[in-house]
Amino acid sequence: VEIMTTWLKEMWARLRSTMQRDRVDREMEEEFRFHVDMAAQRNLRRGLSGPEARREAVRNFGGMDRHLEASRDEQRGRILESIGADIRHAVRTLRRAPGFAFATIATLALGIGANTAIFSVVSGVLLAPLPYPAPDRLAFVGWDWGNGNWIGALSQNQFFHFREHSSVLESVTTWRTFGAELGEGQSARILDGMRVSDDFFGVLAVEPVLGRSFSAEERAPGGPEVAVVSDGLWRTVMGGDPAALGRMVRIGDVAYTVIGVLPQDFRFTPTSSNPDVIVPLRLQWTPGADGGQNFSVLARLRANVSLDRAASELAEVSRAYRETYPDLVRGREAQGARLMSYQDIFVGGMQSTLWVMLAAVAFVLLIACANAANLMLARATGRDREVAVRVAIGAGRQRILRQMLTEAVVLAFIAGCVGLVIGVVGVDAVLALAPGDIPRREEIGLDVRVLAFTSGIALFTGLVYGLAGALPGIRSGLADVLRQAGRGNTAGRRRVRDTLIVLETAVALVLLAGAGLLVHSFRNLRTLDPGFDASNVIAVRFARLPAAFDTAELLMRWEHTLAERIGQVPGVIGTAAASNYPLERGLNLPIAVEGRPDAAEGAVEWRAISPDYFETLRIPVLRGRTFQETDDANAARVAIVNETYASHYWPNGNAIGQRLEIMKLRGEWMIPSAAGTTEIVGVVADVNEIELQIAPRRTVYVPRRQAPRQVLGPPALMVRVTGNTAFVPAIADAVRDSDLRVLPPTFETLSSIVDADLADERFRVVILSAFALTALLLTAVGIFGVIAHSVTQQTREIGIRMALGAHARSVELRLVRRAMLLVAAGAAMGALVATALTRFIASMLYDVAATDVTTFAIVASLLGAVALTAAWLPARRATRIAPSEALRID
Amino acid sequence: MHEDPRGGAMIKGTLDLLILRVLEREPMHGWGITERIEQRSGALLSVNQGSLYPALYRLVRRGWIRAQWKVTENNRRARFYALTPKGRAMLDEEREQWERLSRGVNLVLGDA
């Protein structure tokens, strides 16, 4: 380590002085001038006349240029020349050993490339600050329920309170996203829109490049309808015409006046969106009345206010809030507002996955380093005499070490360049596998941070493997080398090479164990029965309904027609509509049981479904009945609950006939037109529809025909078909026939929605398995190399043995046994380390222990088998050595 | 001032020792070091500027002394050199070595 730091320091000093050349020269000149002046002054004091005193001093000092030259050499020149010489020498030497250079570069480039790819993702997702000016002053405001529970959002009342009362927040904003069509009918285009409150642009410190942002009047309730549009929309729809400002654009049902155009690269990171249009969100404050915790709030802190100070002031304001609105603060432990980073809120679970991957890929690099060091050691054996001669003619040991390190760094640098290319390609591969909701996906790519990282690890790699490769040879004495005709360091090197094999085997086993556990867990998840049959079901997704469907009756009439039309398509077995697809977030509503105060517990999963839902998804009805076409708006209100709900409140099984109070909060019906109780008419089996890994929650189903329009979105349509024939065009036709105003839907399979639920897991499994297999491959190459090298080294010995009648088998066996002993030691060590490390992925495992013995045994056998092959192949070669030839070597 | 044919020569390597010794008392600029060496040696030794500055830079690079721009009593900017702890240690070592060497040389000379 000390050698490394000295080496680094020296390199740094050289580099710095090279860059500061001018300054250094100027300073030296000034110093010399000072010297001459002082000498002249002394000469004056000694009685010489002015001009003569100066002349004398200058003459005495000698040629300033010559001194400059000599001094420069001392400060920089000579050293720089020698680093240049080192590099030139390294390149020359390496060109004489292209095979060695290629093998090293390929090995390292693989490791560096993989690291670059993963780090790019980590950098973009976790490390990059928000892409706005002074991002450190941006913070999200969430709500702390106490006991470690928090939510990254505020209620409307909280939002207003904190906006009004905290002096540390310069500006705050909240937003809603919406989709709205531009144009009409089948040719309409759906725009991504944002409604933003207050000083949205001030918080982000971003201003429209053309026009302006919203004025105070436009932000106030009742203000004019104005919009800021994206650069893309401005170019495509308004022809990029600056005169478009002030023009009216009809988006959805509203005509907006365009007042500004966003910068081209504008993105709103918190929603991962690139909004087409931004319009004011006008919130009305009714003090004391409050809704849910539904407002994401982004704030810009005042300049020079630290996060800590802001947090402590918010705590003060929160106390005041709790005192002012005791009835709005549920739970005695509630702490109040809390400042949060982007990571806290949006990256969440991805964080641990990414760190695990970064750790895994660092292990791969470690193995690559071990292999490169092994290559270098193998080569060093052949170079001993060269080194000895150089020592003999006066090269310092330090100098030779430096030469070898320079060689290693040169190779690592080339590998770094190749690795960068691999990394850039690799990022795309990683992103192709990554779940669609990976945060800030669009910001992932090659940036300064990634470049710095890659050059950093390239240098580090070069030093680490260079030292491991160079030191063992340098230590032993010159005399040994010469005496033993170039085999002087073999024993020392062999020990190092053996150690490296043990280490890389251990690391490979750790990676294999981690990947093995994830694969095991993933298999468990795949075979999990979600409670519904997703095969052969096409999901028809509607982004938005025509504004004309503004009553429940009109919407239901269309849904009925739609189901009828689709039902006529040959091969369609059944059609069902629901408020959401299984495994995609559904709505929670307050649902209580009549006469059971203990059952008034707020949010319960609520699903509005068509009568055919259970049949289409093949969810068994356990008791009672399913919905009928007759359960419509005019009929008595009915509901079906799932098994979990029924057994929770009625463990004895008499759920049917009980009455529910849906959407009744604190004694009041949330939607007056939907007031009244609902009778339970059936119980269905549980469905894992929140997430595959999450146990079913208490769920209440109601007929779509009885649901109030306010809580009905576009139907999540599911069509069960026979086999795999292409049904999409026929269904698309049926949709168009149902109503011309409906925008074309998108199609996917229900299985793909189920698969999407496992996207995170799949991502982890694929990436980690890829790393583990790379590690295995590299380790195999390492073992192969070491044994092949032993064979070459021991050619004479083997030849003699064979000449003396040793069996080929026994020679082979001896070599293989040695390799396998090393592998066994490495595997044992790796298993120990893995036992300690796998608990970091324990939370990512489903139904498999972090120290699952079967998995460990399987990966260990895999490693063993691969190692055996890698050792046996070169060992076999040894026995083909002809004794006569072996003896001729050297 | 002309070069003294006797004083000009200096045994290689002793310049470093002399510089360190001068700086042991107080930080000093290049000119001051020259003057001090000449004074203290009773003008027996004179320092060749062509080797003084390279020597100073070498010592800085080794971390035995460090350089800093300061203002002299006459209000001129000059680069002052000061001994570092490492330099102090090296001075002791060098001094010991020099004494051993000069004892040896003296013995040999006395012998002859």
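Because the model is predicted, local features need pLDDT of at least 70 and side-chain atom pairs count only at pLDDT 80 or more, while totals for chains, interfaces and linings use all residues. Residues are numbered from 1 along each chain as its sequence is written, chains are lettered from A and ligands numbered from 1 in the order in which they are written, and side-chain values use heavy atoms, with hydrogens and water left out.

## Chain A overall

Chain A contains 26 helices and 24 strands, where helices (H or I, at least four residues) and strands (E, at least two) are DSSP runs numbered from the N terminus. Of its 890 residues, 50% are buried; buried means under 20% relative accessible area, exposed over 50%, and partly exposed in between (1.4 Å probe, protein chains only). When contacts in chain A between residues at least 6 apart in sequence are considered, 81% join residues at least 24 apart, a contact being heavy atoms within 4.5 Å.

On the surface, Leu110(A), Phe413(A), Ile414(A), Val418(A) and Ile422(A) form a nonpolar patch with about 400 Å² of accessible area together. Patches are made of residues with over 30% relative accessible area and no salt bridge, with like charges joined within 9 Å and nonpolar side chains (Val, Leu, Ile, Met, Phe, Trp, Tyr) within 5 Å. Helix H13 (residues 397-433) of chain A gives the most to this patch, with four residues. Val418(A) lies in helix H13 of chain A and counts as partly exposed because its relative accessibility is 35%.

## The contact between the chains

How many residues does the contact take from chain A and from chain B? Each of the two chains gives 24 residues. Together, chain A and chain B bury about 2,300 Å² between them, with 52% of it on carbon and sulfur atoms; buried area is the accessible area (1.4 Å probe) that two parts lose on being put together, summed over both.

Four salt bridges are found across the interface of chain A and chain B, a salt bridge being a side-chain nitrogen of Lys or Arg within 4 Å of a carboxyl oxygen of Asp or Glu. One pair in a salt bridge is Arg79(B) with Glu31(A), whose closest N and O atoms are 3.1 Å apart. On the side of chain A that touches chain B, the elements giving two or more residues are helix H2 (21-45), helix H3 (50-61) and helix H4 (64-96) of chain A. The largest share of that side, 13 residues, comes from H2(A).

## Salt bridges within chains

Over all chains, the structure holds 39 salt bridges.

| Glu218(A) | Arg212(A) | 2.8 Å |

Glu24(B) is partly exposed at 25% relative accessibility, and Arg95(B) is partly exposed at 26%. In chain A, Glu218(A) counts as buried because its relative accessibility is 6%, whereas Arg212(A), at 38%, is partly exposed. A network of salt bridges links Glu605(A), Arg607(A), Glu689(A) and Arg697(A).

## Two local sites

Helix H2 (residues 30-40) of chain B is mostly covered, with nine of its eleven residues buried, among them Trp31(B), Ile33(B) and Ile37(B). Just after H2(B), Gly42(B) takes a positive phi of about 60°.

In chain A, Glu661(A) has its place in strand E18 (residues 659-662) and counts as buried because its relative accessibility is 15%. Leaving aside residues up to four places away in sequence, Glu661(A) touches Pro590(A), Ile591(A), Ala592(A), Glu594(A), Trp669(A) and Thr677(A). Glu661(A) and Glu679(A), 18 residues apart in sequence, are 9.1 Å apart in space, C-alpha to C-alpha.

Methods: Areas by Shrake-Rupley, 256 points an atom, 1.4 Å probe, with all protein chains shown as cover.
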